[in-house]
Amino acid sequence: MNTDSTQRIDLSRRLFIELGTDLLIETANKKRSLSSKLIGMKVGNYLIVSISSTKPDTTALAQNEQVMVKYVNQDDIFSFKSRILTIL
């Protein structure tokens, strides 16, 4: 196997989060927060989340909008800023 073409993951940028983790997404104006679950990711690029509701109100989210994402891992609370790439 050619290791030169293997892409290395920068662990300093990696989120230590498991699939299925509950997330709280807050909009930039903090008027709205949405409960969601992590259902997929490409490390260092994007997360795929599912809004946790039978009738999710995604009108609070807009493409390219900045959001704050919060989650709990082993009794520690983590948060980071991100932006919405697309809404399906």
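Which residues do ring pairs link into a cluster? Ring pairs join Tyr71, Phe78 and Phe80 in this way, and the legends below set that cluster in its surroundings. The model is predicted: local features require pLDDT of at least 70, side-chain atom pairs count only at pLDDT 80 or more, and totals for chains, interfaces and linings use all residues. Residues are numbered from 1 along each chain as its sequence is written, and side-chain values use heavy atoms, with hydrogens and water left out.

**View 1. The open sheet consists of five strands in the order 3-2-1-4-5.** The pairing is antiparallel. Strand 3 (46-51) and strand 5 (76-83) are the edge strands, each pairing on one side only. On average, neighbouring strands of this sheet are turned by 40° against each other, direction ignored. Such angles run from 0 to 180 degrees between N-to-C directions, the axes being lines fitted to C-alpha atoms. Strands are DSSP runs (E, at least two residues), numbered from the N terminus, and two of them pair if DSSP finds at least two bridges between them.

**View 2. Strand 4 (residues 66-73) and strand 5 run antiparallel and are joined by eight bridges.** Within strand 5, Ser82 stands opposite Val67, and Ser79 is the bridge partner of Lys70. Two residues lie between the strands of this hairpin, where Gln74 takes a positive phi near 50°. Strand 4 also pairs with strand 1 in the antiparallel sense, over four bridges. There, Lys70 of strand 4 is the bridge partner of Leu24.

**View 3. The structure holds two aromatic pairs.** Rings of Phe, Tyr and Trp (its six-membered ring) pair if their centres lie within 6.5 Å; planes under 30 degrees apart count as stacked, over 60 as edge-to-face and the rest as tilted. Tyr71 and Phe78 form a stacked pair, 5.3 Å centre to centre with 20° between the planes. The pair of Tyr71 and Phe80 is edge-to-face because the ring centres are 6.4 Å apart and the planes stand at 70°. Tyr71 is buried at 4% relative accessibility, and Phe80 is buried at 18%. Phe78, with a relative accessible area of 33%, is partly exposed. Buried means under 20% relative accessible area, exposed over 50%, and partly exposed in between (1.4 Å probe, protein chains only).

**View 4. Twelve residues make up the largest nonpolar core.** Among them are Ile17, Leu23, Leu34, Leu38, Val69, Tyr71 and Phe80. A nonpolar core is a set of buried Ala, Val, Leu, Ile, Met, Phe, Trp, Tyr and Cys residues joined through side-chain atoms within 4.5 Å. Strand 1, strand 2 (33-42) and strand 4 are the elements that give two or more residues to this core. Strand 4 gives the most, with three residues. Leaving aside neighbours within four places in sequence, Leu23 has contacts (heavy atoms within 4.5 Å) that include Ile17, Leu34, Leu38, Val49, Val69 and Tyr71.

**View 5. Thr27 lies in strand 1 (residues 22-27).** Thr27 is buried, with a relative accessible area of 4%. Not counting residues up to four places away in sequence, Thr27 touches Arg32, Ala60, Leu61, Glu65, Gln66 and Val67.
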